[in-house]
Amino acid sequence: MVDKVDIVVGLAWGDEAKGKVANQLASRRVGGKRYYDFVARWNGGSNAGHTIYIGEDCYKTHIIPCGVFHGIKSIIGPNCVLHPESFYKELDMISNAGFDASLVKVSPNTHIVTDHHIDEDKRTLSKKLGTTSRGIAPAYSAKAARTGLLAKDVLEYDHIWDGNIYGNMLCEGAQGIWLDINKGIYPYVTSSETLPYSACSIGFPTQVIDRIYGAAKIYDTRSGEDPLFPSSLLNDPLLSLVADAGQEFGVTTGRKRKVNWLDLNRLIDAINVSGSTDVIINKCDILQDVEQYRLFYNDETLNFSSITDMTIFVEERIRTMCKFVSTVTFSYSPLFV
Ligand code: IMO
Ligand code: MG
């Protein structure tokens, strides 16, 4: 039986530097020993794009949890979907870089994304909704229709997880709260549950959940279609400066992300619905680079004269409005540290 579970969740539309947060947590040691015995993904597939820095080396992962970079068993859960070819390619990348790829295991009940699913996504959804074209919606459709293929019937036996969990586990979320199929603005969502309760699908009860680390950015970004993010945002001169300084391009698709000032009411809602205990707000240095300190709050645009004034305001609002939060951290380190 697992002892304690911590969860990293995205508080926006994905791309909140969850990879950075999860990677930092995974490296934790207590008394000289690794704190986590497992790192697991619970949702999504290769639509995720997590940028991980180990020292100077940069790795971009889509399906494999970051535990493998720290010698920790890494599990792909039963509520994920997996495209075998992309998975094997990522395993090769990891073992060529000198990491132990045999630490990565896939739940027997993980559903398989087929090439046919990817074709269908490209043909029907990628233009309409701006999906990542990774076959996500067709694979989850097949799962719900109970016509899908399972990992245990497709992958080689040695990649299949035996279902054992013990000690401490870190769950690495993919996407973010506003892409959740239930909470987001349907159909401008992904096909899985991004909220932390869904991590229990890996096989533990809610009582073992300890910390919920909510990752956000000090400004909002969106890849893909969304009525909240009209394409006119791409032409806004100040927001373009933020996009360039923050290198806001998709890890999975290479697309330019639409950028807007932080919607603080939405962030507060996301913190509350996720039950985040620790909030990490990334990329504060980017607003310093462009010397613009703005956000939306209660239908107003607020302008601050420094990042300090802005973060004091944000922290005060979060502490007042979000009763489960015990820490708020503003990160100024470059994305990749
Ligand atoms: P990470 O884990 C940003 C978006 C797509 C599209 C919508 C549906 O890197 O934060 P899908 O391919 O899932 O059917 O696309 O969701 N999307 C993401 N945006 N980061 C992600 O993951 C995303 N995964 C999906 O752009 O709008
Ligand atoms: Mg992404």
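What you see is a predicted model, in which local features need pLDDT of at least 70 and side-chain atom pairs count only at pLDDT 80 or more, while totals for chains, interfaces and linings use all residues. Residues are numbered from 1 along each chain as its sequence is written, chains are lettered from A and ligands numbered from 1 in the order in which they are written, and side-chain values use heavy atoms, with hydrogens and water left out.

Turning to polar contacts, which are pairs of N or O atoms within 3.5 Å, an oxygen atom of ligand 1 is 2.7 Å from a polar side-chain atom of K18, and a polar side-chain atom of T190 lies 2.6 Å from an oxygen atom of ligand 1. D15 takes part through its backbone, with a polar atom there 2.8 Å from an oxygen atom of the ligand. Of the 550 Å² of accessible area that ligand 1 has on its own, the protein covers 96%, by the Shrake-Rupley method with a 1.4 Å probe.

Now the backbone. D15 is found in the loop between β1 (2-10) and α1 (18-26), and has a positive phi of about 60° although it is not a glycine. Most residues other than glycine have a negative phi, and most peptide bonds are trans. Y186 and P187, however, are joined by a cis peptide bond with omega of about 5°, and P187 lies in the loop between β11 (167-172) and β12 (209-217).

As for the whole chain, there are nine helices and 18 strands, taken as DSSP runs (H or I, at least four residues, for helices; E, at least two, for strands). Along its principal axes the C-alpha trace spans about 60 × 55 × 35 Å.

Methods
Polar contact = N/O pair within 3.5 Å; in protein donor to acceptor, adjacent residues only side chain to side chain.
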